[in-house]
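Please read it alongside the sequence and the coordinates.

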Amino acid sequence: MRRQVVAAILYREDVPELYSATVAASGTAPIPCVTIRSADGWQLAENTPEIELRVDTTPSTLRGENLLAELGGGTRPLLFLAHYDTRPGTPGAFGNASGVTVLLGLLARLRGWEAHPLIVGFLEGDELDGAGSRHCRDVLTALGVLTRLRGLVYVSGMGLSGLTVCATESPRPSSLADLVERAVAEEGLLPVPAGVAAAGPTAAPPWRYATVTLAGPPLSAQHTMLDRPDLKSLRLLIRPVSALEYVVRGAGSLR
């Protein structure tokens, strides 16, 4: 089914109006995507006109750098990650400067942390089919750190009142997922239904490790005014910082 798709038109009632378009990737095959307003969606549904979508592409070679900060001491670190690259044609405030901001806020609160070990990472290239995550995974594997992790929390699409907690099934991240869910509830952030796709790339496919993704609404929101930096709510960015601090302080009991 996915291989037969040549383009996608995205529409959501609960996000602000369109301001840009971009191209979303599916595996290794890019699929042209455009977000439309509700009135345009109804017109397309009623009239079913012939649609022409033109996409100009230019091959390029990109280089990126991952940044990792280590805190505390011990042999079983908890890993927090957010990607700092953004999709072409979008400012990236929602995806994913918001996640980077939350992790920077977490680092500020944990200044002088000396308890169980933490690693906080900022990845580049995750919008390019998870390249940043794969490189970070390979580095931590080579250093012998990956097998000693308490777990991994991937942060994306912050700044809204609703968040979703998605956990991989192997190797048993349920206790970490439960801790993250309690932290989100403690801060009064509304849970997004489990069946709703998370925003941006998730860490599960390239990591193949106990991963919990904390994310905002579906990817289509990144094509709207939600991605504008002047529309981000500082109050709604502080709440996930507090939630992650709750996770950090409770993670010492995780097995």
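The model is predicted: local features need pLDDT of at least 70, side-chain atom pairs count only at pLDDT 80 or more, and totals for chains, interfaces and linings use all residues. Residues are numbered from 1 along each chain as its sequence is written, and side-chain values use heavy atoms, with hydrogens and water left out.

**Whole chain**
- The chain has 6 helices and 10 strands, taken as DSSP runs (helices H or I, at least four residues; strands E, at least two) numbered from the N terminus.
- Of its 255 residues, 47% count as buried; buried means under 20% relative accessible area, exposed over 50% and partly exposed in between, with a 1.4 Å probe and protein chains only.
- Contact means heavy atoms within 4.5 Å. Among contacts between residues at least 6 apart in sequence, 81% join residues at least 24 apart.

**Nonpolar cores**
- A nonpolar core is a set of buried Ala, Val, Leu, Ile, Met, Phe, Trp, Tyr and Cys residues joined through side-chain atoms within 4.5 Å.
- The largest one has 36 residues, and F80, L103, V180 and L244 have the most contacts inside it.
- At least two residues of this core come from each of β5 (78–83), α2 (93–109), β6 (118–123), β7 (151–156), β8 (162–167), α4, β10 (211–215) and α6.
- Beyond neighbours within four places in sequence, F80 is in contact with residues including L103, L106, V153, L244 and V247.
- A second, separate core has 14 residues, among them L123, L146, W207 and Y209.

**Helices α4 and α6**
- The axes of α4 (residues 174–186) and α6 (residues 234–250) come within 8 Å and cross at roughly 140 degrees. Axes are lines fitted to C-alpha atoms over the stretch in contact, with angles from 0 to 180 degrees between N-to-C directions.
- That angle makes α4 oblique to α6; under 35 degrees counts as roughly parallel, over 145 as roughly antiparallel, 65 to 115 as roughly perpendicular and the rest as oblique.
- On the α4 side the contact includes L176, L179 and V180, and A243, Y246, V247 and G250 make it on the α6 side.

- Buried residues of α2 include F94, V100, L103 and L107, and their cover includes β4 (67–71), β5, β6, β7 and α6.
- R111, in the loop between α2 and β6, is exposed, with a relative accessible area of 73%.
- R111 and G72 are 39 residues apart in sequence and 10.0 Å apart in space, C-alpha to C-alpha.
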